[in-house]
Amino acid sequence: MSVFGVSAVEEDIYRHFLRNPDTPADDIHLRLHMEPDMAQHCLGRLYDLGLLHPTGTNELISPTDPEVALARLVDVRLHELHQEFQRVTRSRHVVDGLRAELGARSSSAQGIEQLEGLAEIRDRIDDLAFFARDEILSVEPYTRLSPENIERSRPLDLRCLRRGVRIRSVVLRKVLEDGMSSGYLRELVSHGAMIRFVEATTERILVYDRTAALVPLDPQNTSRGALLAHKSGIVANIIALFERIWDEAEDLAQVDAAEGAEVTCGLSQTEQRVLALMCSVGKDEAGARELGVSVRTYRRYVADLMEKLGAASRPQAALLARERGWI
């Protein structure tokens, strides 16, 4: 019972009264070979936890039913864990203070940290995203996202959106030609993210809560490292650059309208038909007949769609497709 905060001695006393209900506690210290003061302390704890209670007026003690007792201990423990979780999530000021110390050591005059290598950059991005409270701004000139990138980014992005953090992102329009990348961006939009598209840009920008800005040392080779700015003047200039790019970009609805499509999500007409059949017919043979192809070809289309969606099963693929607005 130690997982519930009950010591081994307290558990021994509780078990004693389970075996001997409605008995006095006068000699419990003798029965269990402990000091009288220790026995009284443990009895008091067990009363407080609701595991023991007095019976009548003759100083007899009765144990609480084990099922009721454990349910009560679980509630107490969950309450304690919830309070601990709240204390941890309110520790932003501790992290900020530590980051400030690190920034002061690395470049106190400029308020800039230099991050070395992709691992350190990713760790810092994870920290900044986890503790973001208000807004994340980004400009990222990628043309596609790998399944690994999507798998890494999705929980961070969705967690931020669920917490009410506003996400504004600018990416290249060409990314919409990649079905998996397009689907992921549309999924973020469906959860409240604001994403705009430009024909070309070489800028790479990440800004968190308008207080920290991350830019690469070399935009053409992000593995060389990055600079993380904390000084308000530097961050303000980077935000101004972001806003100029944002104002010149088009949102998803404008791009879809310009391409004369509602939401094609980067899929061919055949792929869209296969996706609809996956969700409406039971057997591959029926889907293949409807599409007019062999069962082997139909299954290859299904496998390709599941890969684009990042799904491990067909039911999951259907669920993800609906979440992203593909069907």
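**Figure 1. Overview of the predicted chain.** Residues 24 or more positions apart make up 67% of the chain's contacts with a separation of 6 or more, a contact being heavy atoms within 4.5 Å. This is a predicted model, in which local features need pLDDT of at least 70 and side-chain atom pairs count only at pLDDT 80 or more, while totals for chains, interfaces and linings use all residues. Residues are numbered from 1 along each chain as its sequence is written, and side-chain values use heavy atoms, with hydrogens and water left out. The secondary structure consists of 14 helices and eleven strands; both are DSSP runs numbered from the N terminus, helices being H or I with at least four residues and strands E with at least two. Of the 327 residues, 39% count as buried (buried is under 20% relative accessible area, exposed over 50%, partly exposed in between, with a 1.4 Å probe and protein chains only). The chain exposes about 18,400 Å², of which carbon and sulfur atoms supply 52%; accessible areas come from the Shrake-Rupley method with a 1.4 Å probe, and for residues only the protein chains shown count as cover.

Figure 2. Two bridges join β1 to β3 (residues 60–63) in the antiparallel sense, and Pro24 has Leu60 in β3 as its bridge partner. Axes are lines fitted to C-alpha atoms, for helices over the stretch in contact, and angles run from 0 to 180 degrees between N-to-C directions.

**Figure 3. The eight-stranded sheet.** An open sheet of eight strands has the order β4-β10-β9-β8-β5-β6-β7-β11 and mixed pairing. Its edge strands, β4 (112–115) and β11 (250–251), each pair on one side only. Helix α9 (residues 232–248) packs on the sheet and touches β4, β5 (135–140), β6, β7 (194–198), β8, β9, β10 and β11; the direction of α9 makes about 65° with that of β6.

**Figure 4. Strand β9 and its two partners.** Four of the five residues of β9 (residues 212–216) are buried, so this strand is largely enclosed by the rest of the structure. Strand β8 (residues 205–208) pairs with β9 in the antiparallel sense over three bridges. Leu206 stands opposite Leu214 in β9, and Tyr208 has Ala212 as its bridge partner. β8 and β9 form a hairpin with three residues between them, and Asp209 in the turn has a positive phi of about 55°. β9 also pairs with strand β10 (residues 226–229), in the antiparallel sense and over four bridges; here the bridge partner of Val215 is Leu227.

**Figure 5. Packing of helices α7 and α8.** Helix α7 (residues 147–162) packs against α8 at an angle of about 5°, with the axes 11 Å apart. That makes the two helices α7 and α8 roughly parallel; angles under 35 degrees count as roughly parallel, over 145 as roughly antiparallel, 65 to 115 as roughly perpendicular and the rest as oblique. The contact holds seven nonpolar, two polar and three charged residues. Ala, Val, Leu, Ile, Met, Phe, Trp, Tyr, Cys and Pro count as nonpolar, Asp, Glu, Lys and Arg as charged, and the others, Gly among them, as polar. Residues of α7 in this contact include Ile150, Arg154 and Leu158, and those of α8 include Met180, Tyr184 and Leu188.

**Figure 6. The loop residue Glu177.** Glu177 is found in the loop between β6 (166–172) and α8 (179–190). Glu177 is exposed, with a relative accessible area of 59%. Its C-alpha atom is separated by 8.4 Å from that of Thr143, 34 residues apart along the chain.

**Figure 7. Helices α12 and α13 around Tyr298.** The axes of α12 (residues 284–291) and α13 (residues 295–309) come within 9 Å and cross at roughly 100°; the two helices are therefore roughly perpendicular to each other. Asp284, Glu285, Gly287, Ala288 and Leu291 in α12 meet Val295, Tyr298, Arg299 and Tyr301 in α13. Tyr298 counts as buried, at 1% relative accessibility. Leaving aside neighbours within four places in sequence, the contacts of Tyr298 include Val274, Leu277, Met278, Val281 and Val293.

Definitions and conventions:
Pairing = 2+ DSSP bridges.
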